2 protein chains.
Amino acid sequence: MGGSPTEKSNEKRIEPRKLKGFRDYNPDLMETRSAMQSQIRKVARLAGFREIGTPVLEYEDVLLGQGSDETDKQVYRFEDHGGRRVAMRFDLTVPFARFVAEHQGTLVFPFKRLQIGDVWRGENTQKGRYREFCQCDLDIIGVDSMAADYEILASFCDILSSFGCGPFTMRLGHRVILSGLLQHFGIPEICHTAALIAIDKLDKIGVAGVVGLLEKIELPTGHPAADQMQKLMEALLPASNDPKAYLDRIQSLCAHQGAVVQEVQRLRELITVLQERSPQGCTVKIDLSTARGLAYYTGVVFETTLDQLPGFGSICSGGRYNNLADRFMNRNLPGVGGSIGLDRLLAGLEELQILKSHATKVDVLVAVASTDAFAAAAKIATDLRKAGICTDLGLVAKLANQFKHADRLGCRYVITLGTAEVADKTCNLKDMKSGEEKKSIPQASLLSLLQLSQTS
Amino acid sequence: MGGSPTEKSNEKRIEPRKLKGFRDYNPDLMETRSAMQSQIRKVARLAGFREIGTPVLEYEDVLLGQGSDETDKQVYRFEDHGGRRVAMRFDLTVPFARFVAEHQGTLVFPFKRLQIGDVWRGENTQKGRYREFCQCDLDIIGVDSMAADYEILASFCDILSSFGCGPFTMRLGHRVILSGLLQHFGIPEICHTAALIAIDKLDKIGVAGVVGLLEKIELPTGHPAADQMQKLMEALLPASNDPKAYLDRIQSLCAHQGAVVQEVQRLRELITVLQERSPQGCTVKIDLSTARGLAYYTGVVFETTLDQLPGFGSICSGGRYNNLADRFMNRNLPGVGGSIGLDRLLAGLEELQILKSHATKVDVLVAVASTDAFAAAAKIATDLRKAGICTDLGLVAKLANQFKHADRLGCRYVITLGTAEVADKTCNLKDMKSGEEKKSIPQASLLSLLQLSQTS
């Protein structure tokens with residue numbers, strides 16, 4: 001209004017910028033991320049998991065009040081055009097619970113579910129943590145068995161191993177057994193949540209720190225004794241990597257608690273089968289100090305860390321829950337499941353500089369020396385692509401610039417066609433690595449020539 | 001507060017429901033959708049397109065004011081935890097413009113971009129239209145050439161053809177040529193937008209309807225004459241499927257407009273190469289009444305319809321634009337691109353009942369007759385999966401229920417192991433189709449037996 005056209009256009013110019021905690025994926029990273037998602041789909045499908053999808057936006061009351069208060073605060077929520085209170089999903093578990101309740105009539109139980117999708121949390125950003133990130137969930141719902149626990153844990157081990165992310169360790173804890181131990185050392189059930197929160201801090205504050213916190217818990221009868229808490233921590237921490245001795249000791253401590261003994265036996269079977277079959281680079285061990293924050297776990301829980309990045313935190317975790325969908329329905333559906341934090345893992349692998357690239361590599365550029373050669377060049381490009389050779393086509397006017405572009409893309413070969421080549425159905429082939437150029441190759445023999453050079 | 005525990009738990013139960021205009025993807029549909037996305041990645045990568053990713057949430061001012069006012073109204077927007085005005089992306093084009101402006105220093109131009117992602121629009125829902133839907137975009141930015149136009153259109157034809165979605169037709173229009181014709185028939189440039197809006201309604205209101213609208217346009221000198229508008233529509237509509245005659249006629253009408261003649265020549269070359277190479281089932285034709293709503297197109301535009309669903313609307317459209325990122329930067333970057341509306345296409349294929357299923361099919365279930373056989377059963381399942389055979393494992397307690405589950409999943413084979421089979425390293429194999437059961441097969445020969453039966 002009133003300004004000159006130039007001023008107006010400057011006024012309108014908007015700074016290209018992203019929200020804090022959000023990132024762009026450049027091609028190298030995005031293609032690797034997509035390839036990892038494909039890999040997850042492949043491994044999970046071979047194990048009979050079925051992929052589902054749910055909306056990013058849900059009714060606010062469907063999503064809230066399920067995780068912790070802290071999670072609720074981080075949820076992006078607002079009023080939509082129709083005056084409805086809506087929220088963006090902050091995980092894939094709560095939408096899955098809603099999905100199961102809504103579709104229980106058509107699902108075949110036990111249902112093995114795969115879901116891959118982005119989730120959003122407005123949390124304080126840290127290195128390697130974003131407000132938008134991808135979760136890859138596997139769950140088996142409708143059965144409470146060691147076999148189902150095994151399938152989930154083994155499938156996650158197979159997926160992580162297929163990524164080539166270096167050696168990793170999966171630690172198994174157990175809610176019922178941990179409660180049994182707390183009980184044994186004088187902490188009644190009513191105080192277990194406080195104890196779990198203390199134990200969950202072990203990585204950060206060490207044994208002495210946790211013992212200090214445990215001592216401060218207010219029991220109905222006073223405070224826990226320091227020596228008892230010290231003994232509790234000794235019992236919790238695996239003395240060696242021998243799960244048999246570890247579990248024998250715990251079983252003897254909880255011998256009078258029938259339910260705990262039964263779960264120790266189940267965990268014993270689980271760790272045996274998992275250790276027998278764990279893929280190369282994958283260590284599975286029992287570590288009952290693995291408490292996991294969320295309240296809804298009711299059996300085995302697990303966390304997974306990269307051996308080369310011990311302080312980085314868990315890249316894959318989950319556990320058994322027996323009341324996934326009870327907010328939505330009367331039916332009781334036991335389940336077991338977990339998530340890979342794909343963007344978190346990607347950040348870890350970037351940091352370790354061991355991210356296996358799946359970036360597109362253009363093999364060949366078909367260059368056009370004169371405009372009347374374009375149709376023939378396009379045909380060659382089509383044929384090469386059909387044969388699985390990644391091929392670009394000269395898009396800019398000058399031949400020299402097409403070669404420059406091929407060079408910048410890192411193409412191995414440049415094929416050139418002009419008027420003469422079109423007339424006698426030939427082309428020129430330049431090896432960009434050696435610099436060698438072959439003239440007047442019959443177009444018909446091009447494909448076999450390139451395929452031969454690819455395998456040699 | 002004060003109610004009985006039962007009342008409280010009823011109070012807390014939440015109805016499992018979705019927002020209007022949103023949908024769940026059950027496994028059959030989701031797996032097919034994922035497979036189609038993989039297919040797009042495969043075809044696009046072979047043609048040298050590079051995949052990128054951008055956030056779902058952006059600053060409001062980055063997204064708004066780019067499409068029409070109508071689009072702006074549909075955008076989901078709100079204030080985030082930090083008091084920032086944010087919006088959910090309503091297409092992938094505006095975020096791409098921001099991406100290009102932000103990363104222009106590191107991108108290699110011409111840049112061939114692939115992006116697949118969900119977008120959100122709070123529009124009125126109709127059959128087959130959702131408020132959350134997936135777009136698959138291809139663009140080539142940094143060059144204005146017929147070759148780039150060709151690459152985009154040919155790649156979309158290849159992708160759609162690879163879906164097996166039945167015969168389809170891609171119609172090409174052209175902004176400059178259409179303007180030239182309007183000019184020729186007495187409509188000055190200042191009134192072209194009004195004319196485009198009228199012509200865009202051809203499908204719905206027919207030639208007479210459009211002529212009626214055109215007559216009502218207020219020119220600086222009065223209103224267009226009815227007979228001129230009739231002649232305009234006759235020139236616009238292809239009399240036959242012969243692009244040469246069609247373009248010759250237009251060229252003669254606009255012979256005095258140099259820029260138009262040049263574009264007619266370019267379109268002539270484009271349609272020739274496209275028609276020569278168009279895959280089976282794909283018709284490419286020129287139809288200058290293809291106007292496309294959006295203001296930012298500056299050259300060729302296209303729309304694609306399924307021949308078996310003529311009234312369904314376009315499933316893939318786009319065009320050339322020469323100022324993609326000018327809101328964000330001074331540099332002028334010409335481009336050409338388009339989108340496949342994947343969920344729209346899925347809805348169309350569902351309606352036609354020609355959706356090619358990519359749903360997971362479980363081949364084998366390894367059943368566990370006694371708990372001590374679990375480890376051996378798990379090992380067999382691992383081996384079969386490694387060999388690419390989709391295998392489930394008995395997860396429920398009773399053998400009869402495991403068989404029942406295999407039946408419901410439609411497994412072709414059930415392998416059974418009990419104590420005896422573990423001892424002598426054998427298993428039983430039941431063909432669920434013929435009912436035939438083979439006893440005491442050596443575990444070592446299982447894989448080759450199943451692979452043989454798969455190929456036969």
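**Close-up views of the chain A and chain B interface**

**View 1. Salt bridges between chain A and chain B.** The rule finds 14 salt bridges across the interface of chain A and chain B (a side-chain nitrogen of Lys or Arg within 4 Å of a carboxyl oxygen of Asp or Glu). In this predicted model, local features need pLDDT of at least 70 and side-chain atom pairs count only at pLDDT 80 or more, whereas totals for chains, interfaces and linings use all residues. Residues are numbered from 1 along each chain as its sequence is written, chains are lettered from A in the order in which they are written, and side-chain values use heavy atoms, without hydrogens and water. In one salt bridge, the side chain of B:Glu31 meets that of A:Arg50 at 2.9 Å, N to O.

**View 2. The extent of the interface.** Chain A brings 99 residues to the contact and chain B 98 residues (contact: heavy atoms within 4.5 Å). About 8,500 Å² is buried between the two chains, with 59% of this area from carbon and sulfur atoms (accessible area, 1.4 Å probe, lost on putting two parts together, summed over both).

**View 3. Surroundings of B:Lys112.** B:Lys112 counts as buried because its relative accessibility is 3% (buried: under 20% relative accessible area, 1.4 Å probe, protein chains only). Leaving aside neighbours within four places in sequence, the residues in contact with B:Lys112 include A:Arg385, A:Leu393, A:Leu395, B:Phe49 and B:Glu151. The B:Lys112 side chain also reaches the backbone oxygen of B:Ala47 at 2.7 Å.

Technical notes: Buried means under 20% relative accessible area, exposed over 50%, partly exposed in between (1.4 Å probe, protein chains only). A polar contact is a pair of N or O atoms within 3.5 Å; within protein, one must be able to donate a hydrogen and the other to accept it, and residues adjacent in sequence count only if both atoms are side-chain atoms.
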